Amino acid sequence: MFSWERGRPARTAPKAQSFVSLRTCFSRFALSADVPSAPPARNRMKAKVAINLETTISLEEQYQLATYKKMPIVAERGEGVWIFTSNGDRYLDLYGGHAVAGTGHCHPHVVKAIREQTEKLLFYSNLVYSEARARAAEKLVSIAPELLAKAFFCNSGTEANENAMRMARMSTGRDDIVTFSGGFHGRTADAISATFLGKYREIGKPNVPGHRQAEFGDIDSVHAVADESVAAIMLEPIQSMAGVRSAAPSFYRALRDLCDARGIVLIYDEVQTGVGRTGEWFFAGSTAGNGVVPDIVTLAKALGSGVPVGACLVTEKIASHIRENDLGTTFGGGMIAMAAVTGTLEAIENDQMLENVRRVEVYLRERLKAVEQVVDVRGRGFLLGLEFADKAKPVHEALLEHKIITGTSSDPKVLRLLPPLCLKREEVDMFVDVLEQVLATDGHG
């Protein structure tokens with residue numbers, strides 16, 4: 001029997017009594033049966049955790065297509081630079097889920113912004129205007145270099161790069177794209193065809209035609225391939241997956257001059273370097289890049305603090321060539337993602353994370369000077385590559401055993417650090433102390 005209270009069915013007293021009687025009967029049967037007694041509560045808890053861990057891994061292996069080689073971790077929740085697992089362990093996260101957790105895991109301001117938006121409207125497409133989208137676009141453009149005046153929102157970094165190349169072709173009437181050895185731009189058709197790193201172009205075959213390769217940091221190689229039939233030159237200003245490779249500031253200036261002279265669009269793929277990771281909002285316009293501002297900047301990763309979102313920032317000149325229906329996206333610019341973008345940028349500002357990145361980077365580099373097996377520290381801000389004399393993978397694995405998450409790269413000697421922008425000195429000390437212990441104990445590096 002049911003009675004109704006506040007619009008929901010509730011069981012009446014007679015039914016509840018029946019349930020109690022059934023439970024009592026079952027209990028008496030259990031006591032009288034010849035079964036082993038239950039294990040202590042603590043052991044039952046451990047058994048449950050183990051089952052949950054094994055079940056989760058088993059279910060993913062059974063039902064999800066293969067992606068990356070996974071760490072033996074079932075991530076349950078996160079806070080700041082920490083990941084907590086289903087079996088109660090705590091990991092220092094210096095990788096940020098591929099540089100995504102820029103503001104730290106579950107930053108309260110970002111969570112609040114997302115929660116408030118979910119109570120208003122989950123989604124509507126670009127067919128309508130949206131306050132959330134308007135605020136996100138205004139905020140993103142306001143922190144960008146002055147020449148970058150308009151934003152296009154999409155869902156990921158590879159989608160941002162695809163649209164950047166499309167806009168370059170539309171604005172120039174040309175087809176070909178120059179990218180660089182060691183660059184990674186995504187896994188969709190045009191983006192993977194622009195990726196001259198390892199096996200990715202092979203994975204993406206048949207490749208989109210019209211992609212040309214130049215050597216990163218070598219302006220003469222660019223001059224050799226970037227003629228007046230080229231629509232765009234696209235590059236990661238710091239090549240993360242290639243082992244955190246940078247070029248001399250003069251290289252970026254020379255690229256800008258070449259593009260201006262030959263009518264070529266310059267695109268910075270800042271999917272990893274953008275949104276504060278280098279200690280500046282963007283590599284574009286920074287001193288590390290000789291103040292060069294490209295025609296298009298692409299963004300993703302940390303832009304939504306974990307909510308999927310990508311973006312292109314473009315100059316007015318590029319925007320003048322784009323008409324209605326030239327670009328499109330169903331989910332790009334959705335309200336939840338836009339709330340996450342605004343919340344993310346505000347959190348970085350409110351917590352002075354850019355200053356924190358610059359300050360803590362200096363401290364980390366100082367600490368690493370005393371680690372003799374680290375022969376070089378590449379990169380900028382919180383996009384760093386630790387180069388060892390020997391392979392970095394054993395170091396990565398040993399650190400994971402000590403509950404510290406780092407990343408590897410296509411350079412076998414480079415260990416990558418992509419921590420949240422809120423990383424503090426005490427967590428740096430924790431990392432370096434364990435690193436020294438690992439290197440001393442196991443002889444890595």
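How many salt bridges does a search of the whole structure find? The search finds 17, a salt bridge being a side-chain nitrogen of Lys or Arg within 4 Å of a carboxyl oxygen of Asp or Glu. The model is predicted, so local features need pLDDT of at least 70 and side-chain atom pairs count only at pLDDT 80 or more, while totals for chains, interfaces and linings use all residues. Residues are numbered from 1 along each chain as its sequence is written, and side-chain values use heavy atoms, with hydrogens and water left out.

Side chains of opposite charge can pair when their charged atoms come close. Glu202 is exposed, at 51% relative accessibility. Here, buried means under 20% relative accessible area, exposed over 50%, and partly exposed in between (1.4 Å probe, protein chains only).

Arg212 and Asp227 also meet through their side chains, at 3.3 Å from N to O. This pair links distant parts of the chain, 15 residues apart. Arg212 lies in strand β8 (residues 211-214), and Asp227 in the loop between α9 (219-225) and β9 (230-235). Helices (H or I, at least four residues) and strands (E, at least two) are DSSP runs, numbered from the N terminus. Asp227 is partly exposed, with a relative accessible area of 32%.

A further salt bridge joins Glu436 to Arg367, at 3.8 Å from N to O. Glu436 belongs to helix α15 and Arg367 to helix α13 (residues 353-368), 69 residues apart. Shared partners extend the contact: salt bridges join Arg367, Asp429, Asp433 and Glu436 into one network. Glu436 is partly exposed, at 29% relative accessibility.

Glu372 sits in the loop between α13 and β15 (374-380). Its relative accessible area is 71%, so Glu372 counts as exposed. Glu372 and Glu436 are 64 residues apart in sequence, and their C-alpha atoms are 9.2 Å apart in space.

Arg358, Arg359, Lys424 and Arg425 form a positive surface patch. Patches are made of residues with over 30% relative accessible area and no salt bridge; like charges are joined within 9 Å, and nonpolar side chains (Val, Leu, Ile, Met, Phe, Trp, Tyr) within 5 Å. Lys and Arg count as positive. Lys424 is placed in the loop between β18 (414-417) and α15 (425-442). Lys424 is partly exposed, with a relative accessible area of 35%.

Technical notes:
Accessible areas come from the Shrake-Rupley method with a 1.4 Å probe; for residues, only the protein chains shown count as cover. The place of a charge is taken as NZ of Lys, CZ of Arg, CG of Asp or CD of Glu.
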